[in-house]
Amino acid sequence: MHVSNPPLVLIFGPLDPSGSSSLPADAVTCSALGCHALCTLTALTVQDTARTEEIQPVAPELIDDQARCLLEDMTVQAIKVGPLYSAESASVLAQIAADYSHVPLVLHLQRLPDSGLNSELEEEDLLLAVFELLLPQTDIVVADHHMLEHWHAQGMFGDIDADRPAEALLQYGAKWVLSTGAPLRAGQGSYLLQGPDRETATWPWHAPANRLLDADGPLCCAITAALAQGRDMPGAVESAINASAAFTARHFQPGMGQRLINRSAA
């Protein structure tokens with residue numbers, strides 16, 4: 001009996017040995033959503049469920065070699081980019097994305113690690129490279145609303161004149177921005193999707209009942225999987241919100257730190 005190939009998703013991210021976030025957690029999530037994950041490492045970490053003790057970034061040249069080796073061999077339907085740790089790595093990702101501009105790219109913006117974990121991390125240089133080089137190649141950015149507001153208050157968006165940080169990301173060139181935990185009205189949060197021509201859509205958002213590691217990770221994977229399966233952006237986001245709710249409802253505590261999302265089944 002002939003079995004069709006699953007859509008291929010290329011994931012850029014660090015190797016989290018606890019399995020709580022990034023790789024291999026994203027690969028498990030993609031598999032549960034019907035996709036096959038290809039992986040490019042951006043860093044190796046020493047961490048458990050309680051803390052990250054060390055980050056060893058992968059050289060930008062090696063990131064480039066890993067990704068192009070896969071992309072030249074297989075037809076990838078979507079790309080997901082997680083944490084990056086240098087401006088040079090962001091530049092490499094931007095060039096890869098430009099060379100494969102027909103492939104949808106999902107960028108998960110997250111809080112940067114403590115500089116003590118990576119002595120080479122230059123926060124402002126990294127964010128500027130992401131904003132100026134990678135955002136113009138990005139189909140959708142997913143980010144926590146409060147983190148974006150914090151960056152906005154710190155002036156991290158440079159000379160961009162925007163009242164709201166999500167609008168700054170759009171001005172930098174991202175096609176769509178999905179903010180999680182955005183205020184909708186007093187006491188109510190939302191997933192806020194903003195796109196071209198001032199398109200907007202909202203869905204109810206509820207803070208997790210428990211503090212979970214990488215709470216938005218399954219959402220980003222689900223958006224990537226839906227785009228790989230051919231959905232348009234608003235449809236991909238809506239289906240991903242529903243799928244990620246099923247993931248985050250299942251969690252467990254294997255160690256002495258935070259609870260982990262059970263990604264092994266949809």
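Residues are numbered from 1 along each chain as its sequence is written. Because the model is predicted, local features need pLDDT of at least 70 and side-chain atom pairs count only at pLDDT 80 or more, while totals for chains, interfaces and linings use all residues; side-chain values use heavy atoms, with hydrogens and water left out.

Thr-49 is placed in the loop between β2 (36-47) and β3 (52-57), helices (H or I, at least four residues) and strands (E, at least two) being DSSP runs numbered from the N terminus. With a relative accessibility of 10%, Thr-49 counts as buried (buried, under 20% relative accessible area; exposed, over 50%; partly exposed, in between; 1.4 Å probe, protein chains only). A polar atom of the Thr-49 side chain lies 3.0 Å from the backbone nitrogen of Gly-257. Beyond neighbours within four places in sequence, Thr-49 is in contact (heavy atoms within 4.5 Å) with residues including Ser-18, Leu-213 and Pro-254.

Helices α1 (residues 22-32) and α7 (residues 217-228) pack with axes 9 Å apart and at an angle of about 50°. Asp-26, Thr-29 and Cys-30 of α1 meet Gly-217, Pro-218 and Cys-221 of α7.

Glu-199 is found in the loop between β8 (188-194) and β9 (200-205) and, with a relative accessible area of 37%, is partly exposed. Residues up to four places away in sequence aside, Glu-199 touches Trp-176, Leu-193 and Gln-194. Glu-199 and Met-147, 52 residues apart in sequence, are separated by 22 Å from C-alpha to C-alpha.

Terms used. A polar contact is a pair of N or O atoms within 3.5 Å; within protein, one must be able to donate a hydrogen and the other to accept it, and residues adjacent in sequence count only if both atoms are side-chain atoms. Axes are lines fitted to C-alpha atoms, for helices over the stretch in contact, and angles run from 0 to 180 degrees between N-to-C directions.
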